[in-house]
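Work through the exercises below with the sequence and the 3D structure at hand. Try each task before reading its solution.

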Amino acid sequence: MLLNRKWVSGIVVCTAFSMLLACSNKAGSSDAVATKEPSKVTEGSQSEPYKLPFVEPGTATLRVASGDNLYAPNSYAQGTAVWDEFEKLTGVKIEWEVFPNSQYVESMGVRLAAARNLPDIFRLVDSPVKTASDGLIMPLNDLIAEHAPNIQQLFKDNPDMERMMTAPDGNIYSIHSNSAGAYMADPFGILIRKDWLDELGLKEPETLDQWYEVLKAFKTGDPNKNGKPDEIPISPEYSLKGLGLFGSAMGLHLFVYSDGYYPNKSDVIEYHWIKDEAKTFIEWVNKLYSEGLIDPNFMNNSYEQIDSGISRDLIGTTVHFVNNVNRFNGMQKDAGVAADWVITNPPSGPGHEPFYELGAPLGSGWAISKDAKDPVLAMKWLDYIYASEAGNRLVTFGIEGVSYEMKDGKPQFTDWTSKHPDGLSFNEALRSLGAMPNMPWLRMMDGPFSLQPQAILDKDPALSAQVSKVKEYLVPSNPVILDTPEEAEELARLNSEVETYVSETLLKFVTGQTPIDWEKFVSTTKALGMDRILEIKQQKYERYLNQ
């Protein structure tokens with residue numbers, strides 16, 4: 001297992017935010033805070049434990065903007081059991097300003113562009129480099145030091161979290177969900193129909209040559225037993241980057257998590273899509289495509305299209321989170337098919353240790369706006385829902401006596417979650433209560449905030465066995481470090497052209513629209529700015545290592 005690198009010690013946070021954090025000193029109405037010399041929250045802490053409720057119930061309101069509940073029938077704005085309980089505990093009424101998740105970025109972006117009447121707390125929709133420099137959010141360092149004892153303790157126990165949430169100017173501008181434990185308990189990998197392997201007398205493939213033979217057998221051997229040549233051997237999500245999981249056999253980090261960028265043993269950031277080994281990988285994928293072993297629509301496949309193919313008993317392999325083995329088996333059972341989906345070990349090759357990458361543990365960022373009427377109350381509220389054990393239990397386990405019970409001092413999920421009376425899935429059941437929210441919450445690898453992922457596996461021994469099978473192969477993805485404003489601006493400009501060229505050219509190579517001219521591909525990618533991109537990423541990486 002490739003876990004012996006210096007930066008891997010920060011596995012909980014070293015693969016960073018889905019929207020990168022970095023900010024300037026401009027902080028709107030919080031100039032009094034911003035002008036102070038920023039320092040680590042954990043140095044010279046002042047806060048004292050607060051008492052609940054924070055205010056007399058009914059006397060204070062916080063406006064919170066978010067994507068709405070992922071269980072659409074129960075909007076946060078209409079009230080849910082978890083958030084009703086938070087209101088009782090804190091005394092703070094929440095005025096939800098929620099949007100459908102597909103519309104949140106655009107809708108909130110319009111409000112931020114207007115720069116007025118902003119909610120007290122909101123999920124960031126852009127790089128905080130721009131959000132802070134536009135004066136829309138305030139630094140949180142002093143607020144945390146004085147009014148957030150739980151976040152302080154979280155940072156003391158997990159110093160890399162504070163380090164990764166701290167912008168290059170020394171300020172913390174937002175707090176972030178941590179899903180490290182969730183990724184360890186639900187890794188993303190290659191899923192295959194074991195029943196098809198058994199039907200054809202095949203073993204689980206390991207090398208790329210074995211994968212080719214298995215996929216070819218799926219195409220020609222009629223494993224769905226309908227007498228038609230309609231099988232789709234592999235239908236990946238995320239297009240070519242989904243197929244990038246097979247790059248493990250060549251030591252290539254091509255999946256969407258690292259997106260081709262990875263430090264070598266000398267701590268030099270490389271771009272794997274232009275390595276010589278990537279040419280061999282593209283030639284292998286081209287061979288699969290030319291022989292009809294890859295879904296011909298793989299470039300534009302949607303989640304729903306893959307589900308449809310699986311329900312119709314057509315797809316033998318895909319890429320997804322391991323928890324989907326249960327969902328896929330259930331979908332096919334409903335269609336009268338006894339499927340047996342399993343996760344495979346990552347593909348192996350000579351001279352390389354096979355691996356699956358862990359996703360970025362730190363997710364969406366939440367900030368206190370310049371228009372917050374009571375930043376201290378906003379900070380206390382965030383501290384409680386995010387980093388207190390009681391608050392974490394509510395957002396991860398839901399309501400005691402309904403979705404969980406306490407046994408031997410630990411919460412355990414009830415059958416209400418796994419065998420819901422209305423047929424809801426596990427996640428739907430919890431979200432119907434307001435748990436697993438579109439809010440900052442923690443599912444860490446160890447400590448008091450790590451209980452939920454293991455509790456899920458305890459409820460499903462078969463799924464737990466799938467996770468255990470590949471656990472030794474899980475490695476961090478490339479650490480994405482906070483940008484300075486200048487870095488963010490230059491990378492945005494360079495990446496736009498480079499990413500378009502690389503994506504379009506590689507797909508043309510795979511589908512045979514263009515002969516593979518690797519030398520031209522590499523030289524053009526560099527000419528478009530890859531050398532400068534790598535230079536910036538290297539200076540960021542060295543800054544991270546030296547923090």
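**Exercise 1.** Decide whether S403 is buried or exposed, and find what surrounds S403.

*Solution.* Step 1: the relative accessibility of S403 is 0%. Step 2: buried means under 20% relative accessible area, exposed over 50%, and partly exposed in between, with a 1.4 Å probe and protein chains only. S403 therefore counts as buried. Step 3: S403 sits in the loop that runs between α16 (389–397) and β12 (404–407). Helices (H or I, at least four residues) and strands (E, at least two) are DSSP runs, numbered from the N terminus. Step 4: apart from residues up to four places away in sequence, S403 touches F397, G398, Q412, F413, T414, W416, T417, L430 and L433. Contact here means heavy atoms within 4.5 Å.

The model is predicted: local features need pLDDT of at least 70 and side-chain atom pairs pLDDT 80 or more, while totals for chains, interfaces and linings use all residues. Residues are numbered from 1 along each chain as its sequence is written, and side-chain values use heavy atoms, leaving out hydrogens and water.

**Exercise 2.** Describe the place and the contacts of I190.

*Solution.* Step 1: I190 belongs to strand β5 (residues 188–193). Step 2: the relative accessible area of I190 is 0%, so I190 is buried. Step 3: with neighbours within four places in sequence left aside, the contacts of I190 include W211, L245, F246, T317, V342 and Y356. Step 4: N300 lies 110 residues from I190 in sequence and 19 Å away in space, C-alpha to C-alpha.

**Exercise 3.** Which residues touch the most other members of the largest nonpolar core?

*Solution.* Step 1: a nonpolar core is a set of buried Ala, Val, Leu, Ile, Met, Phe, Trp, Tyr and Cys residues joined through side-chain atoms within 4.5 Å. Step 2: the largest one has 137 residues, and W83, L240, F281, I368, W381 and Y386 touch the most other members. Step 3: helix α22 (residues 518–546) gives the most to this core, with 10 residues. Step 4: a second, separate core has 15 residues, including A65, Y104, M108 and F122.

**Exercise 4.** Compare the radius of gyration of the protein with that of a compact globule.

*Solution.* Step 1: the radius is taken over C-alpha atoms, and the globule rule is 2.2 Å times the number of residues to the power 0.38. Step 2: for 547 residues a compact globule would have a radius near 24 Å. Step 3: the protein has 24 Å, which agrees. Step 4: of the 547 residues, 56% count as buried.
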